[in-house]
Amino acid sequence: MENEKQVPRRDFLKTTAVVATVAAIPGILSSGCAETEQNEGPKVWPENKLNIAVIGVGMGHSNMQNCLDENIVALCDVDLNRVAIRINKFKEEHPDKTVPYQYQNYKTMFAEIGDLIDAVIIATPDHTHARITLDAMKLGKHVYCQKPLTHSVYESRILTQAAEKYNVATQMGNQGASGDDTSWVCESIWNGDIGEVTEVHAWTNRPIWPQCLNRPEETPSTPKGLDWDLWLGPAPARPYSPMYHPWNWRGWFDFGTGALGDMACHILDVAMRSLRLQYPTGIQASSTKWTLESPPESEKVTYYFPEREKYRNVEMPEVKLTWYDGGLMPDRPLELEDGEMMGDNDGGVLFVGTKGKIMCGCYAKNAKRLPTKDFKDYNPTINERLVEGGIGGHEKDWIRACKEDPATRVKTKSHFGYAGPFNEVVVMGTVAARLSGLQRVLKWNGEEMVFTNIQPGEKMRVPLSVKLDETKVPPNYNSEYGMIDAYEYAKSLINQTPRKGWELEI
């Protein structure tokens with residue numbers, strides 16, 4: 001299937017079978033798909049449609065559904081079985097459309113039909129986001145990348161710089177950034193309606209996959225159609241296991257970012273945006289058991305942000321932001337009625353101001369001032385730009401930006417200039433529990449991407465494995481621990497060394 005309809009552009013017009021296939025996508029062969037030779041004026045797309053390739057057809061399939069007014073020209077996934085499932089489903093749901101190209105390797109796709117592609121949706125596992133996104137931007141492709149934007153702090157910094165250099169339209173896939181409720185919270189806080197916010201609590205119902213895992217001991221054969229080495233990408237080599245692919249990769253440090261990395265880009269966006277937060281100056285965490293391979297089932301992470309400049313009608317003092325996952329929750333606000341839900345089923349945010357409180361759910365949904373009965377008619381005036389379709393318009397707002405002249409483009413709500421630094425904060429937080437054995441509030445220099453109060457040569461005790469010994473009555477945990485260099489370990493978590501061939505070069 002990898003070789004199906006992979007026709008170089010020089011042969012594209014000669015291949016009548018392929019021409020017939022793509023005829024259902026108006027304008028795909030038009031000269032308007034490429035820049036003019038003189039490069040005069042902004043790019044113009046036939047019938048105002050983009051040619052979009054989707055890399056990673058798990059979550060990418062959902063993103064694609066919101067882009068069907070455009071030309072979906074290629075699907076790419078390391079697992080050809082999944083590509084086949086998506087193609088068949090697409091044919092059932094959209095018999096009047098077609099996707100003319102299917103690939104297993106995104107590099108092959110770029111080499112063979114790159115000049116047919118205007119924009120790329122990237123929805124692969126976290127650890128491969130950075131390199132694929134960077135490669136696309138270097139080719140001048142507009143990029144929609146799923147959250148978290150990257151796997152590490154350093155990768156986020158690289159993508160922020162690359163987006164500025166290549167000046168393409170970008171969007172991170174945290175849909176709540178485009179939601180009306182996010183703007184509602186921002187306006188309420190900027191009006192000063194709840195006073196100065198000094199405390200924020202945010203929580204999620206994740207993980208909904210197993211964590212605190214030991215590396216699988218069984219090594220079954222790799223399924224046919226899966227390129228395991230390509231799936232591993234920049235991560236250290238290891239045998240295939242169904243414990244990693246197709247779904248549970250989030251519960252492994254080498255591939256995912258745990259509950260915080262999965263959901264904080266959705267849930268913390270409204271806090272970062274409304275309070276105009278940048279880099280924290282400190283962080284600490286506590287958690288349940290974890291291993292060097294896998295995150296804890298539950299954790300509490302507290303960020304300390306410095307004072308910011310006054311914005312609109314409100315001062316921006318120091319603020320403490322606490323994150324909870326795995327079933328942990330902040331104390332219930334006394335302003336809530338008995339039975340009134342905190343946030344929603346996916347999580348929520350509580351803002352504590354000097355004059356009142358605001359609470360919302362995941363994506364900032366159902367935002368309200370507390371107590372609800374006293375503010376049921378409260379509705380701040382929205383002054384900032386709203387995205388047409390709100391949360392459901394997140395991908396379309398990116399498409400709009402792709403088509404605008406770069407000189408006058410209105411940036412998307414989660415363009416990489418915003419999403420990159422935001423994602424640094426998120427993935428910096430994913431290392432906090434792993435460094436909790438240092439018994440201190442970790443001081444963070446965001447500009448330099450370094451913890452400043454971990455000394456070279458300092459040692460730390462870490463869990464190598466956590467196993468339940470059921471041979472004893474009652475059963476107990478039989479955990480193994482080891483001592484590591486905390487300074488080098490922290491550096492490796494912030495700037496991970498990729499496998500050869502996966503380095504990042506702007």
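This is a predicted model: local features need pLDDT of at least 70, side-chain atom pairs count only at pLDDT 80 or more; totals for chains, interfaces and linings use all residues.
Contact here means heavy atoms within 4.5 Å. On the H7 side, Val153, Ser156, Arg157, Leu159, Thr160 and Ala163 meet a set of H13 residues made up of Phe416, Gly417, Gly420, Pro421, Asn423, Glu424, Val427 and Met428. Sorted by class, this contact of H7 with H13 has seven nonpolar, five polar and two charged residues. As for geometry, the axes of H7 (residues 153-166) and H13 (residues 416-429) come within 8 Å and cross at roughly 175 degrees. Angles over 145 degrees count as roughly antiparallel, and H7 and H13 are therefore roughly antiparallel to each other. An α-helix has 3.6 residues a turn, so residues three or four places apart point the same way.

H13 also has a place against the sheet. The helix lies across strand E5 (142-146) and E6, running at about 40 degrees to E6. The sheet itself is open, with six strands in the order E3-E2-E1-E4-E5-E6 and parallel pairing. At its edges stand strand E3 (101-103) and strand E6 (170-173), each with a single partner strand, so one side of each is left without a neighbour in the sheet. On average, and with direction ignored, neighbouring strands of this sheet are turned by 20 degrees against each other. Within the sheet, strand E1 (residues 51-55) and strand E4 (residues 119-122) run parallel and are joined by four bridges. Ile55 stands opposite Ile122 in E4.

Strand E3 itself holds Gln102. A polar atom of the Gln102 side chain lies 2.9 Å from the backbone oxygen of Val99.

Next comes the pairing of H5 and H6. Helix H5 (residues 106-113) packs with H6 at an angle of about 10 degrees, the two axes being 11 Å apart. That makes H5 roughly parallel to H6. Tyr106, Lys107 and Phe110 are the H5 residues that meet Arg131, Ile132, Asp135 and Ala136 in H6. The class breakdown of the contact of H5 with H6 is four nonpolar, no polar and three charged residues.

H6 (residues 129-138) has nine of its ten residues buried, so this helix is largely enclosed by the rest of the structure. The buried residues are His129, Ala130, Arg131, Ile132, Thr133, Leu134, Asp135, Ala136 and Met137. Arg131 and Asp135, both on that list, also belong to the contact with H5. Just after H6, Gly140 takes a positive phi of about 80 degrees.

For contrast, there is Ser221, in the loop between strand E7 (197-204) and helix H9 (228-232). Ser221 is exposed, with a relative accessible area of 63%. Between the C-alpha atoms of Ser221 and His127 the separation is 23 Å, and the two residues are 94 residues apart along the chain.

How values were computed: Residues are numbered from 1 along each chain as its sequence is written. Side-chain values use heavy atoms; hydrogens and water are left out. Axes are lines fitted to C-alpha atoms, for helices over the stretch in contact, and angles run from 0 to 180 degrees between N-to-C directions. Helices (H or I, at least four residues) and strands (E, at least two) are DSSP runs, numbered from the N terminus. Angles under 35 degrees count as roughly parallel, over 145 as roughly antiparallel, 65 to 115 as roughly perpendicular and the rest as oblique. Ala, Val, Leu, Ile, Met, Phe, Trp, Tyr, Cys and Pro count as nonpolar, Asp, Glu, Lys and Arg as charged, and the others, Gly among them, as polar. Buried means under 20% relative accessible area, exposed over 50%, partly exposed in between (1.4 Å probe, protein chains only). Two strands pair if DSSP finds at least two bridges between them. A polar contact is a pair of N or O atoms within 3.5 Å; within protein, one must be able to donate a hydrogen and the other to accept it, and residues adjacent in sequence count only if both atoms are side-chain atoms.
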